[in-house]
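I opened the model to go through its strands, helices and aromatic rings. My entries follow in the sequence in which I looked things up.

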Amino acid sequence: MQIIAGLGNPGGQYARNRHNIGFMAVDEIHRRYSSFSPWRARFQGEVSEGTIGGEKVMLLKPMTYMNESGRSVGEAMRFYKLEPADILVIYDELDLPPAKFRMKTGGGHGGHNGLRSITAHIGDAYRRLRLGIGHPRDKKLVSNYVLGDFAKVDGEWLELILGGIADHAELLAKRQDSTFANKLTLQLEPEKAQRPEKRKAAETGDATTPPAPRPAAKGQSHIRQARQPKAPALPTSGPMAEMLKKLLGKSGGQD
């Protein structure tokens with residue numbers, strides 16, 4: 001079993017906030033899979049149990065407000081006797097542009113108060129899905145920005161990335177994070193699907209698939225040719241030529 005926890009703040013006034021994109025993601029997974037039970041209050045949050053691709057999953061939305069998210073996540077983890085690696089946290093990331101995302105396991109909290117709280121309660125070895133919301137470019141504006149609603153113009157990319165997460169949630173449930181990341185990237189940036197190495201990476205789940213090797217050169221490059229040692233040009237007439245003939249023979253040492 002694993003827990004997929006989306007972070008946000010409870011209450012209708014926060015529902016469309018940028019800070020609540022984690023809630024939005026787990027809500028979309030919940031809508032997509034009929035196996036999940038209705039939301040109910042538990043572990044200081046709202047939970048729903050179900051299966052994705054045959055894997056047992058509990059969706060969790062902490063109702064403790066963002067800064068105390070660890071209380072809810074920690075309580076659920078301890079109840080089911082899970083390890084931090086069994087926890088996937090979905091949250092907003094200021095340092096990523098809108099419609100971008102990153103998957104990783106472990107690491108610091110990066111100043112995110114929700115992660116700070118979770119790390120304090122369960123350690124830092126949990127999985128993370130960071131969803132970019134952009135940055136207001138002024139630290140003084142950050143609080144109002146994250147607690148502000150998404151603009152109407154954000155609707156298109158927001159629907160695309162949340163739908164993509166739900167489309168590939170089975171890979172998250174099976175802990176195939178690299179394959180999930182590749183599939184979602186190609187869905188968000190379809191032009192990359194034309195690149196053979198990216199297509200192969202999405203199919204195999206190898207996030208670090210190297211580019212195809214360059215074909216061997218048919219001949220040496222002009223730089224290498226220039227580096228080849230050349231026989232010195234010897235004089236063929238004059239006193240120096242006569243001296244060389246005596247030293248090297250009649251041919252002057254040349255074939």
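This is a predicted model: local features need pLDDT of at least 70, side-chain atom pairs count only at pLDDT 80 or more; totals for chains, interfaces and linings use all residues.

Residues are numbered from 1 along each chain as its sequence is written, and side-chain values use heavy atoms, with hydrogens and water left out.

Entry, rings. I counted a pair of Phe, Tyr or Trp rings (six-membered ring for Trp) when the centres lie within 6.5 Å, calling planes under 30 degrees apart stacked, over 60 edge-to-face and the rest tilted. I found six aromatic pairs. Phenylalanine 43 and tyrosine 80 are edge-to-face, at 5.8 Å centre to centre and 70 degrees between the planes. Phenylalanine 43 sits in the loop between β2 and β3 and tyrosine 80 in the loop between α2 and β5 (87-93), so the pair ties together parts 37 residues apart in sequence. For elements I took DSSP runs numbered from the N terminus: helices are H or I of at least four residues, strands E of at least two. Phenylalanine 43 is buried at 6% relative accessibility, whereas tyrosine 80 is partly exposed at 22%.

I then looked up phenylalanine 101 and phenylalanine 180, an edge-to-face pair with 6.3 Å between centres and 70 degrees between planes. Phenylalanine 101 belongs to strand β6 and phenylalanine 180 to helix α7, so this pair ties together parts 79 residues apart in sequence. Both phenylalanine 101 and phenylalanine 180 are buried.

Entry, sheet. Strands pair if DSSP finds at least two bridges between them. I read an open sheet of seven strands in the order β2-β3-β4-β1-β5-β7-β6, with mixed pairing. β2 (40-42) and β6 (101-105) are at the edges with a single partner strand each, so one side of each has no neighbour in the sheet. Strands β3 (residues 45-52) and β4 (residues 55-62) run antiparallel and are joined by eight bridges. Glutamate 46 is opposite lysine 61 in β4.

Entry, helices. I used axes fitted to C-alpha atoms, for helices over the stretch in contact, with angles from 0 to 180 degrees between N-to-C directions. The axes of α2 (residues 69-79) and α3 (residues 113-122) come within 7 Å and cross at roughly 35 degrees. For α5 (residues 155-167) and α7, the axes come within 10 Å and cross at roughly 145 degrees.

Definitions and conventions. Buried means under 20% relative accessible area, exposed over 50%, partly exposed in between (1.4 Å probe, protein chains only).
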